[in-house]
Amino acid sequence: MAARLTAETSRIRLGAGGVMLPNHAPLIIAEQFGMLAALAPDRIDLGLGRAPGTDGATAAALRRGAQANDAFPQQVRELLGFLDDAFPPGHPYRDVHAVPGPWQAAQNRVPAEAAGSEVWMLGSSPYSARLAAQLGRPYAFALQFGDADIDTALRIYREEFRPSDALAAPRTLVSVPVAVGSDPGEARRQASTSAMAMLRMFKRESFLLLPPEEVEAYSGTAQERQVVKAYTDRTVHGTAATVADRLEALHARTGIDEVMLVVGGHSAAFDEHGIELIADHYRLPHT
């Protein structure tokens with residue numbers, strides 16, 4: 001998808017948030033994102049996470065081992081080594097090169113891309129915050145997956161941050177689930193569709209965005225209805241002014257550098273209109 005979009009865009013950044021690295025070989029990811037960086041120099045972001053991203057059976061089929069998460073820090077370092085072609089002497093992958101990348105550019109006697117993919121660490125826990133700090137990489141916190149402790153994670157990241165060649169000072173992003181509409185009631189109804197999809201995922205059913213009417217008609221157990229209500233409440237929903245107020249309160253509390261809006265209503269037209277409403281609220285252009 002990112003490769004397709006490189007041909008249709010010229011200014012905005014593109015990327016994946018994220019690649020669950022234990023599901024993949026670091027060399028393959030380095031080559032895929034090396035190609036993306038060649039197609040769109042200085043516009044590619046690579047977000048790395050360690051969560052399964054799926055159910056247990058599928059994770060086992062992908063990872064071939066129950067301890068895959070334990071190797072995540074090593075996998076990240078391997079990936080960075082492939083992206084920069086910077087393994088130290090004596091490393092077993094010293095003579096293994098990701099193509100395209102710096103090694104191929106040198107072999108062909110052409111300048112290497114000034115900037116490859118920007119690597120972000122993703123997460124919703126102190127573990128990911130600490131690793132991002134140790135590596136000196138930007139950190140993106142996901143609020144859409146639950147009621148996680150963003151304050152503690154950001155504090156750890158900032159306190160333990162070690163400057164690197166990639167980043168001199170901490171840089172943070174938070175992704176926030178939103179449903180923005182002219183009618184606050186409809187915004188909440190649309191937010192409930194993502195909440196229901198989360199419940200379906202917990203029940204090992206497909207992550208399906210059902211129409212709001214079906215969500216309202218769902219009888220379920222008391223516990224299931226509470227899950228839907230909890231995830232609906234966690235979504236920042238309402239008019240553009242209401243959503244903006246809550247986002248600005250989050251920014252004031254956490255000092256985050258960037259906010260990413262995660263839309264997930266049943267109607268694509270509703271989501272698109274919601275983005276336009278937020279853009280209008282902040283007097284941003286639509287194109």
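This is a predicted model: local features need pLDDT of at least 70, side-chain atom pairs count only at pLDDT 80 or more; totals for chains, interfaces and linings use all residues.
**Exercise 1. An aromatic pair**

Classify the ring pair of F202 and Y231 as stacked, tilted or edge-to-face, and locate its two residues in the chain.

*Solution.* Step 1. A pair of aromatic rings is described by the distance of the centres and the angle of the planes.

Step 1. The structure has seven aromatic pairs. For F202 and Y231, the ring centres are 5.8 Å apart and the planes stand at 55 degrees, so this pair is tilted. The cut-offs behind this step are centres within 6.5 Å for a pair, and planes under 30 degrees apart for stacked or over 60 for edge-to-face.

Step 2. F202 belongs to helix α8 (residues 184–202) and Y231 to helix α10 (residues 222–234); they are 29 residues apart, and the pair links distant parts of the chain.

Step 3. Compare the cover of each residue. F202 has 46% relative accessibility and counts as partly exposed, whereas Y231 has 12% and counts as buried.

Step 4. Y231 also has a charged neighbour: R234 lies over its face, 4.8 Å from the ring centre. In another part of the model, R50 lies over the face of Y127, at 3.7 Å from the ring centre.

**Exercise 2. Salt bridges around R189**

Which residues form a salt bridge with R189, and where in the chain do they lie?

*Solution.* Step 1. One partner is E186, with the closest N and O atoms 2.6 Å apart. R189 and E186 are three residues apart in helix α8, so about one helical turn separates them.

Step 1. Another partner is E216, with the closest N and O atoms 2.9 Å apart. This pair links distant parts of the chain, R189 being in helix α8 and E216 in helix α9, 27 residues apart.

Step 2. Read the accessibilities: R189 is partly exposed at 23%, E186 is partly exposed at 24%, and E216 is exposed at 53%.

Step 3. Join the parts: E186, R189, E213 and E216 are linked in a network of salt bridges. The structure holds 15 salt bridges.

**Exercise 3. Backbone exceptions**

Which residues are joined by cis peptide bonds, and where do R204 and R283 lie, given their positive phi?

*Solution.* Step 1. Most residues other than glycine have a negative phi, and most peptide bonds are trans.

Step 1. A cis peptide bond joins G17 and G18, with omega about 15 degrees. G18 is in strand β1, residues 14–20.

Step 2. V99 and P100 are also joined by a cis peptide bond, with omega about 0 degrees. P100 is placed in the loop between α4 and α5.

Step 3. R204 has a phi near 65 degrees. This residue lies in the loop between α8 and α9 and counts as exposed at 63% relative accessibility.

Step 4. R283 has a phi near 55 degrees. R283 lies in the segment after α12 and is exposed, with a relative accessible area of 76%.

**Exercise 4. A nonpolar patch**

Which residues make the nonpolar surface patch, and which strand gives the most to it?

*Solution.* Step 1. V259, L261, V263 and I275 make the patch, which covers about 280 Å².

Step 1. Strand β7, residues 258–263, gives the most, with three residues.

Step 2. V263 is in strand β7, and counts as partly exposed at 35% relative accessibility.

Note on methods
Residues are numbered from 1 along each chain as its sequence is written. Side-chain values use heavy atoms; hydrogens and water are left out. Rings of Phe, Tyr and Trp (its six-membered ring) pair if their centres lie within 6.5 Å; planes under 30 degrees apart count as stacked, over 60 as edge-to-face and the rest as tilted. Helices (H or I, at least four residues) and strands (E, at least two) are DSSP runs, numbered from the N terminus. Buried means under 20% relative accessible area, exposed over 50%, partly exposed in between (1.4 Å probe, protein chains only). A charge sits over a ring if NZ of Lys or CZ of Arg is within 6 Å of the ring centre and within 35 degrees of the ring normal. Patches are made of residues with over 30% relative accessible area and no salt bridge: like charges are joined within 9 Å, nonpolar side chains (Val, Leu, Ile, Met, Phe, Trp, Tyr) within 5 Å. Accessible areas come from the Shrake-Rupley method with a 1.4 Å probe; for residues, only the protein chains shown count as cover. A salt bridge is a side-chain nitrogen of Lys or Arg within 4 Å of a carboxyl oxygen of Asp or Glu.
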